[in-house]
Each structure stands twice: as structure tokens, then as C-alpha cells.
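Take a walk through this model, one region at a time.

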Amino acid sequence: MSPGKQATEPETAVVAAGVRLEKMHRRVRLSRLALFTAIAAGPVALGVAVVSGPTTVAAVPKTKPTTLRATSAATDPSGYAQLFLGAWLRSSADAAATAQARLAQSLAPDVELPDRAADAQDGQARLESVTAVRRAQHEAGRWWVTVAAQYADASVRYFVVPVAAAGDGGSFTVTGTPGVVAAPGRAEVTTSPYGVSVPQGELSSTVGQFFDAHLAGAGEVERYLAPGVRLSAVSPAPYSAVTVRHRGDRSTSVPTAPS
């Protein structure tokens, strides 16, 4: 091999090595540039995704308000009729400014006050109390309430009071003048649920002692109770003593004297 040719081969090897080294440097620079670009583009891409990305909002269903309405089955105009009749019977057309007259007129604005002059001629005693004893619904929202009026001479008169109720059952009004009616009929007494005869002896004596402790405060109630049963004595005791009376073959405990 000629000396010239030997000198050219090392130079060629050096040039080739330099080219390869340059390529490696270029690859490293490109890799770094791609890495920095990815790092720089990461927050921007995240920001774009947050700002411009589709937003899904779950629709909250509207809650309808709950309305509580009293049904016709729960409507009871008895108390209203009782209150009105008490004020109406204690008022007079000649004294419309009294408290009772104003109360009656507020409960029934279209109903005239009673004429007390007629009652004075009949010698009507003073009114003691009024009690609603029966109600009957004759059509939707319309009631007839029977109210008992007890007077100072122990006499009792019965009045029927017409009452109208609002659709929701929350308000009432008296629609007409109370009218005197006959007393309600007396219901037949059903047979007693106690079908076992208790003869006079230890059992009836124990029953009397139990009621004596329960109602009159004589002794402890617990001694007469079955295991596990809890029953407190009435306090304060409404009676001073209880005796057992026998009706035929059956015993009944009857309080004999108020305390």
C-alpha cells in the first residue's frame, strides 16, 4: 500500500467519527427540545381542557312543596259549634256590644243574636255549660252539630247548629240560627264483656284491696300485679276508700267517698 493511501484512511476514519458524533449531538438536542416542548405544553393543554372542555352539570330535580290538607274525614266542626252556641246563648240582641255578643258575631256574622226578652218571660235559668254531643254531615262541607246546653236548674236543652267547612277543613262558619231539637236517642247497652262470675271471697277481696291501693293510696300497688306488669297508683289519690259490691254473683269495685 502506498504512503499516500495510508495517510488518507485515518483522516477518513476521523471524519466519519465526527459525523457520527454530530448526529448523536443533534439527536440529544432534538430529544431535549421535544421534552421541554412537552413540559411547556402540559399546563397549557391542561388549561385548555379545563376552560374549553365540555362541562357536564347534573340537573337537580325541583322539589315540589308538600301541601298538608285536612281531609273531610278529619274535619270536626263540633268544637266550633260548641264555642259559638255558648257565646250565642250568653248574648242578647239588646246588648250587641258585650264580649259574648262580639264573639258570637265573629263566629257567625250572618246570624242574628237571640232575643233574651223571650227567655225572661219563660223564666229560663242561667246557662251553665254547653257540650257537643253529635255531628252529622248532610252534604260535602255541610254539617249539623247537636249541642247540649245545661242550665243552673239542671235542665238540658238541645240545639242543632248548622256549620259549613272550607274545602281544606281548616276554617268554619255557622250558617244559620241554632234550633231547638229533641234529645238524642239512648243507645241500647251491650252485654258486659266480663262473662266470668266472681263469688265473694278471697278473689273479690283482693280486687278490692288492689283498687283501694290504686285509687285511695292504701298500700302498695305492686303486690297485686303480675310479674313484669307496671302500674302506678293514682296520685294524688282521688278517693279515701274503695268497697266491693256484689250484684248477683258478680263483684264490682266502687269508690265510696271522695278524698
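A polar contact is a pair of N or O atoms within 3.5 Å; within protein, one must be able to donate a hydrogen and the other to accept it, and residues adjacent in sequence count only if both atoms are side-chain atoms. The model is predicted, so local features need pLDDT of at least 70 and side-chain atom pairs count only at pLDDT 80 or more, while totals for chains, interfaces and linings use all residues. Residues are numbered from 1 along each chain as its sequence is written, and side-chain values use heavy atoms, with hydrogens and water left out.

Start with Ser 91. A polar atom of its side chain lies 2.8 Å from the backbone oxygen of Trp 88. The Ser 91 side chain also reaches the backbone oxygen of Ala 87, at 3.2 Å. Ser 91 sits in the loop between α2 (78-89) and α3 (99-107). Helices (H or I, at least four residues) and strands (E, at least two) are DSSP runs, numbered from the N terminus. Ser 91 counts as buried because its relative accessibility is 1%. Buried means under 20% relative accessible area, exposed over 50%, and partly exposed in between (1.4 Å probe, protein chains only). What does Ser 91 contact, leaving aside its neighbours within four places in sequence? Its partners are Gln 100, Ala 101, Ala 104, Leu 113, Pro 114 and Arg 116, where contact means heavy atoms within 4.5 Å.

Now turn to the strands. Two strands pair if DSSP finds at least two bridges between them. Strand β1 (residues 127-139) runs antiparallel to β2, and 10 bridges join them. Leu 127 stands opposite Tyr 151 in β2. Gln 137 faces Trp 143 of β2 in the pairing. The β1-β2 hairpin has two residues between its strands, and Gly 141 in the turn has a positive phi of about 75 degrees.

Strand β2 (residues 142-151) has seven of its 10 residues buried. β2 also pairs with β3 (residues 156-165), again antiparallel, over nine bridges. There, Trp 144 has Pro 162 in β3 as its bridge partner. Four residues separate β2 and β3 in their hairpin, where Ala 154 takes a positive phi near 75 degrees.

Finish at helix α5 (residues 202-216). Its 15 residues reach 20 Å from first C-alpha to last, close to the expected 21 Å. The expected span is 1.5 Å times one less than the number of residues. Which residues of α5 are buried? They are Ser 204, Gly 208, Phe 210, Ala 213, His 214, Leu 215 and Ala 216. Gly 217 follows α5, with a positive phi near 70 degrees.
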